[in-house]
Amino acid sequence: MPKKRLVLTFPSRLVDQPITYFLIKDHNLMVNILRANVTPKEEGRLVIEISGKKNDIESGMTHLNEIGVNVKPLTKDVRWYKERCTQCGACTSICPTEAFFVNREDMSVSFKKEKCIACELCIPVCPYRAVEVLF
Ligand code: SF4
Ligand code: SF4
């Protein structure tokens, strides 16, 4: 089943609307919210992963565009520069998805890119600039 990671940006008038509920109920999509930044009276931003049939994904995206939601693919690419990493572990304690994790056998730090949701929390905590976000 196709999966897509998307960034939804929407105006304040839609902040209290159940946007993801409509995708589930009316378009038969499975929706996993990876990151939400919704402030009343301001713009809202959701990073979601959707899966479903191709036609349902297309109709869901059309619906979002029609109600005024801007839909973009998640294109941020988080890179780990292993050669700069000192294995301090700071990123592993802040990473919400365990994309950065400690290998229990040798206590080394590793990065599993497919688990990363590009939340950028690890960027400011890394003292050696071993993590970067590319657009
Ligand atoms: S950006 Fe960093 S903190 Fe966020 S999920 Fe990816 S690795 Fe983890
Ligand atoms: S915070 Fe930076 S230096 Fe420390 S383990 Fe993570 S990537 Fe390596």
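**Figure 1. Thr 9 stands opposite Arg 45 in strand 3.** The view is taken from a predicted model, in which local features need pLDDT of at least 70 and side-chain atom pairs count only at pLDDT 80 or more, while totals for chains, interfaces and linings use all residues. Residues are numbered from 1 along each chain as its sequence is written, chains are lettered from A and ligands numbered from 1 in the order in which they are written, and side-chain values use heavy atoms, with hydrogens and water left out. Helices (H or I, at least four residues) and strands (E, at least two) are DSSP runs, numbered from the N terminus. Strand 1 and strand 3 pair in the antiparallel sense over eight bridges; two strands pair if DSSP finds at least two bridges between them. Strand 1 also pairs with strand 4 (residues 70-73), in the antiparallel sense and over four bridges. Here Leu 6 has Pro 73 in strand 4 as its bridge partner.

**Figure 2. Lys 3 and Glu 49 are joined by a salt bridge.** A salt bridge is a side-chain nitrogen of Lys or Arg within 4 Å of a carboxyl oxygen of Asp or Glu. The distance from N to O in this pair is 4.0 Å. Lys 3 belongs to strand 1 (residues 3-10) and Glu 49 to strand 3 (residues 44-51), so the pair links parts of the chain that are 46 residues apart. Is Glu 49 buried or exposed? Glu 49 is buried, at 16% relative accessible area, whereas Lys 3 is exposed, at 57%. For these words, buried means under 20% relative accessible area, exposed over 50%, and partly exposed in between (1.4 Å probe, protein chains only). A network of salt bridges links Lys 3, Arg 5 and Glu 49.

**Figure 3. Arg 84 takes part in a salt bridge with Glu 132 and lies over the face of Tyr 81.** The closest N and O atoms of Arg 84 and Glu 132 are 3.5 Å apart. Arg 84 is 4.3 Å from the ring centre of Tyr 81. A charge sits over a ring if NZ of Lys or CZ of Arg is within 6 Å of the ring centre and within 35 degrees of the ring normal.

**Figure 4. Asp 77 and Arg 79 meet through their side chains in a salt bridge.** Their N to O distance is 2.9 Å. Arg 79 is partly exposed, with 37% relative accessible area. How many salt bridges does a search of the whole structure find? The search finds seven. Asp 77 is also among the residues in contact with Val 133, which lies in strand 8. Apart from neighbours within four places in sequence, Val 133 touches Lys 76, Asp 77, Val 78, Glu 120 and Ile 123; contact means heavy atoms within 4.5 Å. From Val 133 to Thr 9 there are 124 residues in sequence and 20 Å in space, C-alpha to C-alpha.

**Figure 5. The side chains of Ser 110 and Asn 103 make a polar contact.** The contact spans 2.8 Å. A polar contact is a pair of N or O atoms within 3.5 Å; within protein, one must be able to donate a hydrogen and the other to accept it, and residues adjacent in sequence count only if both atoms are side-chain atoms. Ser 110 is part of strand 7 (residues 108-111). Leaving aside neighbours within four places in sequence, its contacts are Trp 80, Ala 99, Phe 100, Phe 101 and Asn 103. Trp 80 and Phe 100 also belong to one aromatic cluster with Phe 111.

**Figure 6. Tyr 21 and Phe 22 form a tilted aromatic pair.** The ring centres are 6.0 Å apart, with 55° between the planes. Rings of Phe, Tyr and Trp (its six-membered ring) pair if their centres lie within 6.5 Å; planes under 30 degrees apart count as stacked, over 60 as edge-to-face and the rest as tilted. Tyr 21 is partly exposed at 45% relative accessible area, and Phe 22 is partly exposed at 24%. The whole structure holds three aromatic pairs.

**Figure 7. Asn 28 has a positive phi, near 55°.** Asn 28 sits in the loop between helix 1 (19-27) and strand 2 (30-38) and is exposed, at 54% relative accessible area. Ala 118, likewise not a glycine, has a positive phi of about 55°. Ala 118 occupies the loop between strand 7 and helix 4 (122-125) and is buried, at 4% relative accessibility.
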